[in-house]
Amino acid sequence: MPFTTMNKAVLVTRPNHDETTNYLDKWSEPIIKLANQKHYKLIDLRGEKATRSVFEGYARKHHPGFFFLNGHGSEKIIAGQNNEYLLVYKENESLCAGAVLYVRSCNAAKLLGQSLVTSGARACIGYTSKFGFMRLLSSTTKPILDPLAKLFIEPANLVATTLLKGHSVLEAHQRGISGMKKNLKRMLSSESTQQNSNAVVLLWSNIRGQVVIGDSSATI
Amino acid sequence: MTNKSYQENIKGLDLEVQEQLKQIVLARVRTIPRDERVSLGNDEYSSEELISHIENGDEVGKELVGMHWKYMQDIAKGALYDNE
């Protein structure tokens, strides 16, 4: 697959079949908006469109330079709507050859992330542990207004927005980490409450789990 | 970078220490308000559900205890304030 010039296609998956994926779907809106503002060719596989056949079809046709993948996952799988497998270890990783990926799925960086790079992806930012967050039940119908979920997902969004702004994989990773650490320190400060102790542990887990695989100088 | 899983992280601990750790984590989890949920992995949990998992010592419970233990280890080492 030729990759001699900057590829302006961006493929996003955002399943929304349960509360967790619904939150990631809604919280990805600012990233979708930015991709449109920056005139990327945006392939937005939202909800029922986040299936394997659709994913593979668009990936083959458009050779996106950036894959932003949300959804449940494991060491070997990134899933889409209703947990249908989209990207599978040793099966279809070559679809992402030449691209940069940000995978917001649990554990995918442990095996699949490395395999994606071995199969030709330039770089992958992902998580070697479960990506977790806390949320308020009262915000279920308006996830983007959830101040608790914001502490976790907003800094994670910085990874994607930093890449879309043309910065390197390393900068994107660092901005995400920095954003999470800023929220962590605020929670640990005198402003914090007993209730924050669980959020702090979960946020620290996300920080520890976020890794870069491949060429950290890569840009979209 | 490879990380030991959170469950592996507590395996080597003395049983009495594991039990003390479990009690600490239970006390923390009991402070989660009723209108909050924890999304972890492919599921989300209420405080009551997490308490049940921890008390049962199942995979979810052990993972959560291991996560808290790792946090405690890292905070003691000053890792939270390391510059990247």
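An open sheet of three strands, paired antiparallel, runs in the order β8(A)-β1(B)-β2(B) in this predicted model; two strands pair if DSSP finds at least two bridges between them, and strands (E, at least two residues) and helices (H or I, at least four) are DSSP runs, numbered from the N terminus. At the edges lie β8 (132-136) of chain A and β2 (43-45) of chain B, each pairing on one side only. On average, neighbouring strands of this sheet are turned by 25° against each other, direction ignored.

Five bridges join β8(A) to the antiparallel strand β1 (residues 36-40) of chain B. Here F133(A) stands opposite S39(B). Helix α1 (residues 19-27) of chain A packs on the sheet and touches β8 of chain A as well as β1 and β2 of chain B, where contact means heavy atoms within 4.5 Å. The direction of α1 makes about 90° with that of β8(A); axes are lines fitted to C-alpha atoms, for helices over the stretch in contact, and angles run from 0 to 180 degrees between N-to-C directions.

Turning to another part of chain A, R52(A) is found in helix α3 (residues 52-62). Because its relative accessibility is 21%, R52(A) counts as partly exposed (buried is under 20%, exposed over 50%, partly exposed in between, with a 1.4 Å probe and protein chains only). Its C-alpha atom is separated by 26 Å from that of F133(A), 81 residues apart along the chain.

Residues are numbered from 1 along each chain as its sequence is written, and chains are lettered from A in the order in which they are written. Local features of this predicted model need pLDDT of at least 70, and side-chain values use heavy atoms.

Methods: This is a predicted model: local features need pLDDT of at least 70, side-chain atom pairs count only at pLDDT 80 or more; totals for chains, interfaces and linings use all residues.
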